[in-house]
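Below are some notes on the packing of side chains in this model. They are set out as numbered points.

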Amino acid sequence: MVCFRLSPVPGSGFVLLCLILGAVSSYALELNLTDSKNVTCLYAKWRMNFTIGYETTSKTNKTVTISDFGNATYNGSICGDDQIGPKIEVQFGSVFSWTAYFTKEVSTYLIESISFSYNTNDSTTFPDAKKKENFTVHEPVAVRIPLDEIFRCNSILTLGKKDVVQHYWDVHVQAFVQNGTVSTKEFLCDKDKTSTTVVPIAPTTLPSPTTTPAQKEKPEIGSYSVNNTNGTCLLATMGLQLNMTQDKVVTVINIKPNTTDFTGSCHSQTALLRLNGSNINYLDFVFAVKNENRFYLKEVNVSMYLVNGSVFSIANNNLSYWDAPLGSSYMCNKEQTISVSGAFQINTFYLRVQPFNVIEGKYSTAQECSLDDDTILIPIIVGAGLSGLIIVIVIAYLIGRRKSYAGYQTL
């Protein structure tokens, strides 16, 4: 039997389904494989997507990103025996198949390799493909893990190059499960072991969370994008500065674009941009459509490691920032603060986003934020000038009346 848990939208909760190798709708997959005695032999939970490049009949190159596995089946997943090692097999209709192979040593097991197959005969996924055939890529992994430990990698792992690039994150897997019980002892991937140094801005005896931290350096500007079968579907350019407060200590982290991975997904009513780094498990920006004619930032989720090794996690799905008409982009060059919670804020610099209706991979006309709109300063300046003039006239009048009274003497 195969049991797995699905979460189509981050933060939406989990639905647990159990079936005998049935069809599933998946964004995050959780697989519990049992043997003939109904004892767990292999456990895996992971997220993944694939970017595939191909040549068209017009001799141009196209790229598609596969991230929706709604028609997946698990035919061929086995616990293994003394002759054949365990493997996870996943099929996405007749177009894609994915297999992970495991082998056992004396006191360790290996995630040996991963193979991925795709069929360019499918004109819906690969329109105008020049070559119509089935392709298979085989990538060695060779990660060695102690038998009684579960492998964990929240960071994005990238396999492949050129035509097929595979991304994996939030990975938890244990083959050869001992005595049917999944281990709680984790074996971390190298990326999860590496932590970026973050400097607390305030001293350890900070009197209150509202104490103003020292002057912070502005972050670098990064460019991010998400692709689907139609090309680029989300664009974002911004400098990001994360502000966390924990135990009355404020920590500030500037996101470095050159060491930050990104992925995401696009749908008709929602779009996701996910950032991931060495000390950031995930930083999600979830956009939504409202009133069928505008978009806005609806949700931010973050999970990351602080300098003391603790995990900092915050989620808020009731935000209302970066509001703009569909078909346009939202732009704010000035520093803007997104208040996710009392303990977590994001400062953005030179922001521009377009999560829907991207045409030819370029931004549409931008709606500027009020902070960038200098025209609002004109009436403020004029009003302030008039107010000052009135005050001067009133003061002069009062002084003049006082002097006139002083000029008369009592008879």
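1. A nonpolar core is taken here as a set of buried Ala, Val, Leu, Ile, Met, Phe, Trp, Tyr and Cys residues joined through side-chain atoms within 4.5 Å. The model is a predicted one. In it, the largest nonpolar core has 44 residues, and Trp46, Ile88 and Trp98 have the most contacts inside it.

2. Strands 3 (29-34), 4, 5 (61-66), 7 (87-92), 8, 9, 11 and 13 (164-175) each supply at least two residues of this core. Strand 4 gives the largest share, eight residues. Another core lies apart from this one; it has 41 residues, among them Cys233, Cys266, Ala271 and Val353.

3. Which residues does tryptophan 98 contact, leaving aside its neighbours within four places in sequence? They are Trp46, Met48, Phe50, Ile88, Glu89, Val90, Phe92, Ile114, Ser115, Phe116, Gln166 and Tyr168.

4. The count of aromatic pairs comes to 17. One of them joins tryptophan 46 and tryptophan 98, which are stacked at 5.5 Å centre to centre with 20 degrees between the planes. Tryptophan 46 lies in strand 4 (residues 40-55) and tryptophan 98 in strand 8 (residues 96-104), so the pair ties together parts 52 residues apart in sequence. Buried means under 20% relative accessible area. Tryptophan 46, at 5% relative accessibility, therefore counts as buried, and tryptophan 98 does so at 4%.

5. Phenylalanine 50 and phenylalanine 116 also form a stacked pair, with centres 4.1 Å apart and planes at 5 degrees. This pair too links distant parts of the chain: phenylalanine 50 is in strand 4 and phenylalanine 116 in strand 9 (residues 108-119), 66 residues apart.

6. Is cysteine 153 buried or exposed? Its relative accessibility is 0%, so cysteine 153 counts as buried. Cysteine 153 lies in strand 11 (residues 150-153). Beyond its neighbours within four places in sequence, cysteine 153 is in contact with Trp169, Asp170, Val171, Cys189 and Asp192. Of these, valine 171 is 18 residues away from cysteine 153 in sequence and 5.0 Å away in space, C-alpha to C-alpha.

7. The charged end of lysine 290 sits over the ring of tyrosine 296, at 5.2 Å from the ring centre.

Notes:
Residues numbered from 1 in each chain as written. Predicted model: local features only at pLDDT ≥ 70, side-chain atom pairs only at ≥ 80, totals over all residues. Heavy atoms only, no water. Phe/Tyr/Trp six-rings, centres within 6.5 Å; stacked < 30°, edge-to-face > 60°. Helix = DSSP H or I, 4+ residues; strand = E, 2+ residues; numbered from the N terminus. Buried < 20%, exposed > 50% of the residue type's maximum accessible area, 1.4 Å probe, protein only. Lys NZ or Arg CZ within 6 Å of the ring centre and 35° of its normal. Contact = heavy atoms within 4.5 Å.
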